Amino acid sequence: MTAPPMLSELERDALAELGNIGIGKASTALGRMLGGLVTLSVPSVEMVPPADVAGLLDRALPPPLVGVSEQLGGLFAGCALLVFPQQGSLALARAALPADVPADEVPALEDEVLAELGNVVLNSALALVANLLGEPVDTGLPALFRGAAADILQACAPARAVIAAGTDGGAAVLFHIDLRTALPGGDGVVVGGRVVLLLDSGSAGALQATLGRYIGRVVA
């Protein structure tokens, strides 16, 4: 079994900084979509074996969960997932819809709206991180899944493939995120979640090498 690459403290700090910058960009885009102030922060980041992801998510977030996934290409092969508790998701969807949408129609639109919210967060963050790293990162269309963490990872084909090959040196990067909104009318939503990058073995090594070049440019 090949273990995922071990990040140095400097590499982990650089990854957390990139996550905060990328998620900060996403909060601006999400605020425009929700029509209020949105604060997204990344208090910590960790790299773990792909097989550990389901257990970590289930211990950190109250079930059931919502997962929005996008397949990755370019520098990284695998998938990106935004995972958050289902509790509170309806309020987010309601905030993103026009005010003239009747309340009884919101549940039927919830999955479509949440997929778009996830798409905004993942694409905004990944595009900025890719720009800072100087490497292209492509994303596919968003797909939404519900259930326990293991159910979401099993339903997401790119995630399932990385986990199935996990003994070959793949890696998962977990960005812990806190989302807080101050919406018009005094409503607010506080959601804790995770952005997960599930990377195959080649991409995990590429990430570490790219981080090294990024650190070199920053300290030069």
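Q: Why is the contact between Arg146 and Glu110 called a salt bridge?
A: In this predicted model, the two side chains come together with an N to O distance of 3.4 Å. The cut-off is 4 Å between a side-chain nitrogen of Lys or Arg and a carboxyl oxygen of Asp or Glu, so the pair of Arg146 and Glu110 qualifies.

Q: What makes this pair a tie between separate parts of the chain?
A: Arg146 sits in strand β5 (residues 143-147) and Glu110 in helix α4 (residues 106-133), so the bridge links parts that are 36 residues apart in sequence.

Q: How do you know whether Glu110 is buried or exposed?
A: Its relative accessibility is 11%, and buried means under 20%, so Glu110 counts as buried.

Q: Why is Arg146 called partly exposed?
A: Arg146 comes out at 30%.

Q: What makes Glu110, Asp111 and Arg146 one network?
A: Their salt bridges share partners. Arg146 meets Glu110, and Arg146 also meets Asp111, at 2.5 Å from N to O.

Q: Why does the contact between Glu135 and Arg213 count as a salt bridge?
A: The closest N and O atoms are 3.3 Å apart, and the limit is 4 Å, so this pair passes too. Glu135 is in the loop between α4 and β4 (137-139) and Arg213 is in helix α7 (residues 201-219), so the two tie together parts 78 residues apart in sequence.

Q: How many salt bridges does the structure hold?
A: There are 3.

Notes
Residues numbered from 1 in each chain as written. Predicted model: local features only at pLDDT ≥ 70, side-chain atom pairs only at ≥ 80, totals over all residues. Heavy atoms only, no water. Helix = DSSP H or I, 4+ residues; strand = E, 2+ residues; numbered from the N terminus. Buried < 20%, exposed > 50% of the residue type's maximum accessible area, 1.4 Å probe, protein only.
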